[in-house]
Amino acid sequence: MALDVAAAMRLAAEASENARGSSTPNPPVGAVILNAVGDVVGVGHTSPAGGPHAEVNALRAAGEFARGGTAVVTLEPCNHTGRTGPCTRALIEAGVASVVFALADPNPVASGGAETLTAAGVHVTDGLDADAVAAGPLRAWLHRQRSGRPHVTWKYASSLDGRIAAADGTSRWITGPEARAHVHSERAKVDAVIVGTGTVLADDPWLTARLPDGSLAPRQPVRVVVGEREIPPAARILDGSAETRLVRSHDPHAVLAALSDLGDVVLEGGPTVVGAFLSADLVDRVTAYIAPVILGSGPAVSAEAGVGTIADALRFRRESVRTFGPDTLISLTPDR
């Protein structure tokens, strides 16, 4: 199947989704190899840490068909030797004639791939579909590289009137099975899920990623509980299904400092924890699952967020809107 490089980049971005979560701490990169006439001969994504990078996996799939062809990659090929060799060397040895990538590598240790490839006679093009790729699976890794802290997504499910539970505290289920299945598939791709002690004491959540049949997904996020109250030893979050970290602080900055080894975290806490993160300007994305129901009263999605007047409102830009059964998922980023 012949593709132009723009279509190949979209295919590489789709491939990178398969590395999201599993590649940590390495970036979830996707790569496509086109032969000399533009046919797709290899597709690959980053393996779990210590394994081959996306370019190497795609080159292995392509074999000799890579010679004289084009490598299309979501991130600039790495130029250093870590647990694996540099991808620039693999591409040069495979005999590719050109390399097209979307984003330059912001990590000074790994950058410089474009210069090395050019010096070896490989034609290099950068910046193709950069904005779309930056908003995809590489988003959290890029954020951590640039800010030095994990990327925080606030995820919640609510009624149309912004309630996360009814007046009596019941919340199962505000959203339908399709939306809940999507939540679990996303959990399996992130590094951690954060809640407060209040949520643990009130709801006894398990915070695991589960498959449609209810069994545990192969990969689980770290379960993070923040706050100073003690948790009962029998709490489900303390079982052996996944790693659990207790962070004895209400300060969002301290919480993220305790998670400095992670890149992509999801905030699923109650109104108080959410309000603290919003007040500290530490929410980088919002994913809101909105159910077509009215509850009238009950806890709101967020408590105090540092807003006293409409001029101080925290504003967001819509990224996308999707539907899952009767429910609507709205993805937003801060209008900073």
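Biologist: Is K155 buried or exposed?

Modeller: K155 counts as buried, at 15% relative accessibility. Buried here means under 20% relative accessible area, exposed means over 50%, and partly exposed is in between, with a 1.4 Å probe and protein chains only. Keep in mind that this is a predicted model, where local features need pLDDT of at least 70, side-chain atom pairs count only at pLDDT 80 or more, and totals for chains, interfaces and linings use all residues. Residues are numbered from 1 along each chain as its sequence is written, and side-chain values use heavy atoms, with hydrogens and water left out.

Biologist: Which residue does K155 form a salt bridge with?

Modeller: K155 pairs with E268, and their closest N and O atoms are 3.7 Å apart. That pair links distant parts of the chain, 113 residues apart: K155 is in strand β6 (residues 151-158), while E268 is in the loop between β10 (264-267) and α10 (271-279). Helices (H or I, at least four residues) and strands (E, at least two) are DSSP runs, numbered from the N terminus. E268 is buried as well, with a relative accessible area of 14%.

Biologist: What counts as a salt bridge here?

Modeller: A side-chain nitrogen of Lys or Arg has to be within 4 Å of a carboxyl oxygen of Asp or Glu.

Biologist: And how many salt bridges does the structure hold?

Modeller: There are 15. One of them joins R20 to E186, with 2.9 Å between the closest N and O atoms. Those two are 166 residues apart: R20 sits in the loop between α1 (5-16) and β1 (30-34), and E186 in helix α7 (residues 177-187). R20 is buried at 15%, whereas E186 is partly exposed at 23%.

Biologist: What about D335 and R317?

Modeller: Their side chains meet in a salt bridge too, at 3.2 Å from N to O. D335 is in the segment after β13 (327-334) and R317 in strand β12 (residues 316-324), 18 residues apart. D335 is partly exposed, with a relative accessible area of 46%, and R317 is also partly exposed, at 41%.

Biologist: Which residues do shared partners join into one network?

Modeller: E17, R20, E186 and K189, through salt bridges that share partners.

Biologist: Changing topic: which residues does UniProt list for "binding site"?

Modeller: The unreviewed UniProt entry lists H53, C78 and C87. They span 35 residues in sequence, yet no two of their C-alpha atoms are more than 9.0 Å apart, so they gather at one spot. UniProt positions are in the numbering used here, feature names are shortened, and annotations may be inferred rather than shown by experiment.

Biologist: Where is C78, and what is it in contact with?

Modeller: C78 is in the loop between β3 (70-75) and α3 (87-94), and is buried at 7%. Leaving aside neighbours within four places in sequence, its contacts (heavy atoms within 4.5 Å) include H53, E55 and C87.

Biologist: And where does C87 lie?

Modeller: C87 lies in helix α3 and is buried, at 1% relative accessibility.

Biologist: Last topic, the backbone. Which residues does a cis peptide bond join?

Modeller: T24 and P25, with omega about 10°. P25 is in the loop between α1 and β1.

Biologist: What is phi for D204 and L207?

Modeller: D204 has a positive phi of about 50° although it is not a glycine. For L207, also not a glycine, phi is near 55°. D204 is partly exposed at 30%, while L207 is buried at 5%.
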